[in-house]
Amino acid sequence: MAVSGSRPATKRDFPWWLAAAGAIALGVAVLIATSDLYAQVFTIVSRGIGITVFVTVVGFALATTVGLGIALMSLSGSLALRQIARFYVEIIRGVPVLVLLFWIAFAGVPIVVTGWNAVTAPLQEAGILGELKVRDISLLWRAIIALSIGYSAFIAEVFRAGIQSVDEGQVEAAKALGLSRFQRFRLIILPQAIRTILPPLGNDFVAMVKDSSLVSVLGVADITQMGKIYASGSFRFFETYSIVAYIYLILTVGLSLALRALEQRMRRSQAQR
């Protein structure tokens, strides 16, 4: 007879989905190793992994930096800064990433280049600076900038929610101890907020791995673009895009499992304190 008020022990489900996914991944790996066609497709498509990883890591680092700045603006005591941050978040979140990618690549960059040349015209006439041309900014970096801007709006909301989750009493206690605003943020707010921020931030990172495939519309040689090139020349669409999906799944599922393990480790560490 169970004691009144006690909670029954919960049994953790065996991850059958992971076992099934692992079996499928192993089967595809065997197919790649034994089939000349699949081996050739994998060899060509995998050349884009480096670009995909580069776009994701650099883009996410920039998005996180900008997102943190926007989040701090949204929590500022200045009404103007708060309104600017809210305007940025709402406008950027309302534009599809693909549309933003096209706009940055073919409209935003030319506008910036024209403005830069106008501002630096005296220096260019003196021979100190050369004229900047639109083609000087590669499509790879245009794609990275677009992804960074697109994701920074979502990451800003993640940081804002995490910072606001910290108990106000601890902030007031830090003020009473004479800590500066930066010290309060670095020593009190951020270490506690990171526990709230990490899970959705990890989800955004995994999402950016998938959305990095959008850079293929600009001809950037990532996984998807390499698959498009091979499929258009060989007409092996099933084999090619099966391998493309396989590589993305390896990357995203692997990252998701690693992030989940990190969250559980942090949870156990917090429970032991």
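Helices here are DSSP runs of H or I at least four residues long, and strands are E runs of at least two. With that in hand, take residues 95-119: the span is 92% helix and 0% strand, and its end C-alpha atoms sit 29 Å apart. Keep in mind while reading that this is a predicted model.

**What the record says**

UniProt's unreviewed entry marks residues 95-119 as a "transmembrane region", along with 16-39, 51-75, 139-159 and 243-262. The 243-262 stretch comes out as 100% helix and 0% strand, with 29 Å between its end C-alpha atoms. The unreviewed entry also carries the annotation "domain: ABC transmembrane type-1", covering residues 49-259.

A bit of background first: rolling a probe the size of a water molecule over the atoms shows where empty space is left.

The largest pocket holds about 470 Å³ of space. Its lining is made of 14 residues, and Leu-75, Ile-163, Arg-181, Phe-185 and Ile-189 lie nearest the centre. Helices α7 (139-164), α8 (168-176) and α9 (181-211) are the elements that give two or more residues to this lining. The largest share, 5 residues, comes from α9.

The second largest pocket has a volume of about 340 Å³. There are 17 residues around this second pocket, and the closest to its centre are Ala-21, Ala-25, Tyr-246, Leu-249 and Ile-250. Here α1 (16-34) and α11 (237-271) each supply at least two residues, with α11 giving the most at 9 residues.

What sort of residues, by class, make up the lining of the second largest pocket? There are 14 nonpolar, 3 polar and no charged residues. The lining of the largest pocket, for its part, divides into 8 nonpolar, 2 polar and 4 charged residues.

**Salt bridges**

Side chains of opposite charge can pair when their charged atoms come close. With the cut-off set at a Lys or Arg side-chain nitrogen within 4 Å of an Asp or Glu carboxyl oxygen, the count comes to 6 salt bridges.

| Arg-93 | Glu-90 | 3.4 Å |

Glu-90 has 39% relative accessibility, so Glu-90 counts as partly exposed. Arg-93, at 33%, is partly exposed as well. Glu-157 has a relative accessible area of 14%, so Glu-157 is buried. In the remaining tabulated pair, Arg-236 is partly exposed at 38% relative accessibility, whereas Glu-239 counts as buried at 13%.

**Two buried residues**

Leu-201 is found in helix α9. Its relative accessibility is 12%, so Leu-201 counts as buried. Leaving aside residues up to four places away in sequence, Leu-201 touches Phe-60, Ile-155, Val-158 and Phe-159. Val-45 is another matter: Leu-201 and Val-45 are 156 residues apart along the chain, and their C-alpha atoms are separated by 28 Å.

Thr-224 lies in helix α10 (residues 223-234). With 15% relative accessibility, Thr-224 counts as buried. Which residues does Thr-224 touch, not counting those up to four places away in sequence? Its contacts are Ser-213, Ser-216, Val-244 and Tyr-248.

How values were computed:
Residues numbered from 1 in each chain as written. Predicted model: local features only at pLDDT ≥ 70, side-chain atom pairs only at ≥ 80, totals over all residues. Heavy atoms only, no water. UniProt positions renumbered as here; feature names shortened; annotations may be inferred. Buried < 20%, exposed > 50% of the residue type's maximum accessible area, 1.4 Å probe, protein only. Contact = heavy atoms within 4.5 Å. 1 Å grid on protein atoms, 1.4 Å probe; cavity = no way out; pocket = protein on both sides within 12 Å on 5 of 7 lines; lining within 4 Å. Points joined across faces, edges and corners; volume = space filled by probe spheres on them. Nonpolar A, V, L, I, M, F, W, Y, C, P; charged D, E, K, R; others polar.
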